[in-house]
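Thanks for coming. I will walk through one model this morning, starting with a loop and then moving to the strands and the rings. Please have the sequence and the structure open.

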Amino acid sequence: GGITVEDESRFSELVSRGEVMVQPLIEELVLEGEWSFIFLGGEFSHAALKRPARGDFRVQSIYGGTAEPVEAPGQYLDQARSILKAVSWPWLYARVDGCFVDGSFMLIELEMLEPDLLLQLDGGAPAGFADSLLRLLPVTPQRARV
């Protein structure tokens with residue numbers, strides 16, 4: 001399927017109302033899902049595989065997408081971890097989203113501002129998040145007493 005007259009019409013309508021972001025459809029994302037690697041305080045915490053609903057390409061739950069905890073293969077995790085080398089420390093959390101195309105990680109999003117960290121998918125993640133936050137806070141006499 002190429003671009004139809006209806007696609008062009010819809011695009012023109014959207015552009016007339018404001019800014020529009022267009023990106024290519026990644027077939028691997030539709031077929032295999034989108035990986036999310038969650039890092040807390042600079043360390044890997046957990047991974048999830050998000051999949052779109054049948055007949056859709058969006059992985060968000062509001063569109064019927066699902067997320068499940070997964071064990072990240074070492075080479076996948078290494079590729080996701082390498083993305084974070086471009087970001088200066090310190091940061092509290094990051095979610096590296098992408099899919100694998102011909103064995104290589106394709107970054108879709110690097111979420112570092114209000115991402116869903118999928119903490120509910122890993123039993124140790126909420127405590128890990130709290131520990132990461134405490135490590136970044138300056139030590140003050142008031143905090144030391146808490």
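Start with Leu 118, which is found in the loop between strand 5 and helix 4. Helices (H or I, at least four residues) and strands (E, at least two) are DSSP runs, numbered from the N terminus. This is a predicted model, where local features need pLDDT of at least 70 and side-chain atom pairs count only at pLDDT 80 or more, while totals for chains, interfaces and linings use all residues. Residues are numbered from 1 along each chain as its sequence is written, and side-chain values use heavy atoms, with hydrogens and water left out.

Is Leu 118 buried or exposed? Leu 118 counts as buried because its relative accessibility is 6%. The cut-offs are under 20% relative accessible area for buried, over 50% for exposed, and partly exposed in between, with a 1.4 Å probe and protein chains only. The phi of Leu 118 is near 55°, a positive value in a residue other than glycine. Most residues other than glycine have a negative phi.

Glu 114 also has its place in the loop between strand 5 and helix 4 (125-136). Glu 114 counts as exposed because its relative accessibility is 70%. Between Glu 114 and Glu 43 there are 71 residues in sequence and 18 Å in space, C-alpha to C-alpha.

Now the other residue with this kind of phi. Asp 102 has a positive phi near 55° and is not glycine. Asp 102 sits in the turn of a hairpin formed by strand 4 and strand 5, with 2 residues between them. At 77% relative accessibility, Asp 102 counts as exposed.

On to the strand pairing, where two strands pair if DSSP finds at least two bridges between them. Strand 4 and strand 5 (residues 104-111) run antiparallel and are joined by 7 bridges. Strand 1 and strand 2 (residues 43-51) are antiparallel too, joined by 7 bridges. Their hairpin has 2 residues between the strands, and Gly 41 there takes a positive phi near 60°. Ile 38 stands opposite His 46 in strand 2. Strand 2 is joined in turn to strand 3 (residues 66-70) by 5 bridges, again antiparallel, and Ala 48 stands opposite Pro 69 in strand 3.

Next, the rings. How many aromatic pairs does a search of the whole structure find? The search finds 8. Rings of Phe, Tyr and Trp (its six-membered ring) pair if their centres lie within 6.5 Å; planes under 30 degrees apart count as stacked, over 60 as edge-to-face and the rest as tilted. One of the pairs is Trp 35 with Phe 100, edge-to-face, at 6.1 Å centre to centre and 90° between the planes. This pair links distant parts of the chain, with Trp 35 in strand 1 (residues 34-40) and Phe 100 in strand 4 (residues 93-101), 65 residues apart. Phe 100 also pairs with Phe 105, tilted, at 5.1 Å and 55°. Phe 105 is the bridge partner of Phe 100 in strand 5. Trp 35 and Phe 100 are buried, and so is Phe 105. Ring pairs link Trp 35, Phe 37, Tyr 76, Phe 100 and Phe 105 into a cluster.

Last, a charge over rings, meaning NZ of Lys or CZ of Arg within 6 Å of the ring centre and within 35 degrees of the ring normal. Arg 58 lies over the face of Phe 57, at 5.6 Å from the ring centre. The charged end of Arg 58 also sits over the ring of Tyr 63, 3.8 Å from its centre.
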